[in-house]
Amino acid sequence: MNGIENDEAVAGYIETSGTSATKTALDANFAPRGELDYNSFSRAYRKRIVHSLPFKFPEYDEAQALWGNLYPQAFQVDLRADELFVNYNSAAFNMAAVFKWSTGEYKTCFGWATAYVTEGFEILYEGSKRYLYTRAIVNGLGKYDITTLPENLSTVPAASTINTDQGINFTYREGIWTVTDQSQPIGAQISRGNFKKLNENFQPVGTFSIPEMMAGGNPHKYRDNTIPKMQGFCDMGGSYAFVIGGFYGAGAVVTPYEYQGIRIFSAQGHVLADNLMDPRRMISILQSAGLNPTRVENEGVQLVDGKIISFTVTSSYGTTPGNTTEGLVFFEEFSDHPQALDFSSAAVMWTAPDIDRLQSGRHPRQVDRTLRDPVSFEVLNTVPKIIDYMKAVNQSEFSFYSSSVSVTDVNGVKIPSGHLVRISNGNNGTFYMEWAAPVRRRSFQIYTSGGVLVQLPDDSGTINLTLSAGVVPFDAGGTPNIRRIAGITFLEGIVRGVPANPVNFQVGYFHGQYAPSRTKRWVQTTEGENFVRWALNADGYLFIERTSLPAADITTWYPLPDVGWISKNT
């Protein structure tokens, strides 16, 4: 089923993407995309089938024998050469099946040795050369010379590789690469919602972001059910088109992860249009159009001659019925063509929670006096659950009032009423929790140790000193001790058993995490004009450096200095 006629397909050979000399020069090194008609968004659910091509192209079995089970991941159209490139990926290789764009006729296939999945595919003309760009190294691109199409079933080397510090998504237009940004503001978790723009020399020149909850497919706890999965995207000049849709097998239960469609974002990351569909109903409509899909999974989007073309996989490898005659469907989105199909009966709506609003104010309390995860609606009644949610959405702040809801801390203890509780995300691994009340403010550090959350309290409780040999408490019930409260450590107690005329004598010690960052000294006056000079080092060892007491012996009792200090691990 081929819906674009020859003259329509090759019209892009003429420079249609700009009239100014500057823009024409910028467009001269890639197959023209054309200009998008934004009025077409009113036709959100009208899609025309441009091509229905076989999943198993004529030489698929030979390619599979060379490179393993191959599954489509991306595509690109070169209008100058009237060629369609479909990227397939296996465990250790990527390859391209090449078709004639105007007719769908199969031409050839070739591969390259890289296991990295790509959701971007670009063809650029540079001087007299034509190059294919795709993800070929863990954080960057490979550049392959395809000026002349490689020999059939051959494996081609990369002309070069470029480390762009990117993820699997990228697109190119008019001298600007837009790639998934690997560096995130919170922690090491990579988001599909943050992008950086690079110039022709792959130097950063700008950024682009979409809301975290719109960037489905992130490696977090919502990945496989509650957020529509984002696949590839393309730069359309004044906006970006993202293709949405995780794999859905016919007959399975549908979750938002499998919703299929296109979502258009402005350059500021606002949604301009979308056409999400229930995959079951989408399959039904395709069946009515004469196709026999066993699955649907959106795998790419490009702007081709001013039209948004999306790519849906409807079959698979092996003995999947019909995979030698169909399985790769290319749609013209927002179509006004008489042959366009109406998918409005498959329309579904998915709303994303506004994480920016949630983290800048109190987390909303539900009617049942609970806090809930705005994506999964799980009750957030413990600090570990709140932290798990914050990690999943890269949320930097979370706050609530403890009189309004019941929440327990990391140790399972209920947070007392009357406190404004704020949890701050340091790096998705370390968190800081503060309880604010009129009389007292408490703070805690929370981190992961051995896979378990640890809550370092602001009140350590009483911790006894380990006394040196011969040194004993002044009385049986008064063991010298320390206690840290809100980051300040206090010392108290009385000892005896210190040798006569002590010089640099170690009285005892405690854990170094409560010690000061450097040695602290105190001079304590005693009877008459006498004194005892104390020292506490950064490892938690307490010394009497010297005393002026004239008759100090083992029976002399020494009150510890009544002092406090800021602990070095506060």
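Student: Is Ala 92 buried, exposed or partly exposed?

Tutor: In this predicted model, Ala 92 is partly exposed, because its relative accessible area is 42% and that class lies between under 20% for buried and over 50% for exposed.

Student: Where is Ala 92 found, and with which residues is it in contact, leaving aside its neighbours within four places in sequence?

Tutor: Ala 92 belongs to the loop between S3 and S4. With neighbours within four places in sequence set aside, Ala 92 touches Ala 113, Thr 114 and Ala 115. Ala 92 and Trp 67 are 25 residues apart in sequence, and their C-alpha atoms are 7.2 Å apart in space.

Student: How should I read the pairing of the strands on either side of that loop?

Tutor: The general idea is that strands of a sheet pair through backbone hydrogen bonds, in either a parallel or an antiparallel manner. Here, strand S3 (residues 83-89) and strand S4 (residues 94-100) pair in the antiparallel sense over 7 bridges. Within this pairing, Tyr 88 has Met 95 in S4 as its bridge partner.

Student: What is the order of the strands in the open sheet that holds S3 and S4, and which strands are at its edges?

Tutor: The sheet has 5 strands in the order S2-S3-S4-S5-S9, and its pairing is mixed. Strand S2 (71-78) and strand S9 (154-155) are the edge strands, each pairing on one side only. Helix H3 (residues 60-67) packs on this sheet, where it touches S3, S4, strand S5 (106-112) and S9. The direction of H3 makes about 5° with that of S5.

Student: Which other open sheet can I compare, and how much does it twist from one strand to the next?

Tutor: A set of 4 strands forms an open sheet in the order S15-S16-S18-S19, with antiparallel pairing. Its edge strands are strand S15 (230-235) and strand S19 (271-274), each of which pairs on one side only. From one strand to the next, the twist averages 20°. S15 and strand S16 (residues 239-244) run antiparallel and are joined by 4 bridges; in this pair, Met 230 stands opposite Ile 244 in S16.

Student: Which strands pair with S38?

Tutor: Strand S35 (residues 505-509) and strand S38 (residues 541-547) run antiparallel, joined by 4 bridges. There, Phe 505 stands opposite Ile 544 in S38. Strand S37 (residues 531-536) also pairs with S38 in the antiparallel sense, over 5 bridges, and Leu 536 has Leu 542 as its bridge partner in S38. The hairpin of S37 and S38 has 4 residues between the strands, and in it Gly 540 takes a positive phi near 95°.

Student: Where are Phe 202 and Phe 377 found, and is each buried or exposed?

Tutor: Phe 202 is in the loop between strand S13 (194-198) and strand S14 (204-209). Phe 202 counts as buried because its relative accessibility is 19%, and the cut-off for buried is under 20%. Phe 377 is in the loop between H5 and H6. Phe 377 counts as exposed because its relative accessibility is 53%.

Student: What are the buried residues of H6, and what covers them?

Tutor: In helix H6 (residues 383-393), the buried residues are Val 383, Ile 386, Ile 387, Tyr 389, Met 390, Ala 392 and Val 393. Their cover includes helix H5 (355-360), strand S24 (397-401), strand S25 (420-425), strand S26 (430-436), strand S27 (441-449) and strand S28 (452-456).

Student: Finally, how many disulfides does a search of the whole structure find, and are Cys 109 and Cys 234 buried or exposed?

Tutor: The search finds 0 disulfides. Cys 109 counts as buried because its relative accessibility is 0%, and Cys 234 counts as buried because its relative accessibility is 1%.

Terms used
Residues are numbered from 1 along each chain as its sequence is written. This is a predicted model: local features need pLDDT of at least 70, side-chain atom pairs count only at pLDDT 80 or more; totals for chains, interfaces and linings use all residues. Side-chain values use heavy atoms; hydrogens and water are left out. Two strands pair if DSSP finds at least two bridges between them. Helices (H or I, at least four residues) and strands (E, at least two) are DSSP runs, numbered from the N terminus. Axes are lines fitted to C-alpha atoms, for helices over the stretch in contact, and angles run from 0 to 180 degrees between N-to-C directions. A disulfide is a pair of cysteine sulfur atoms within 2.5 Å. Buried means under 20% relative accessible area, exposed over 50%, partly exposed in between (1.4 Å probe, protein chains only). Contact means heavy atoms within 4.5 Å.
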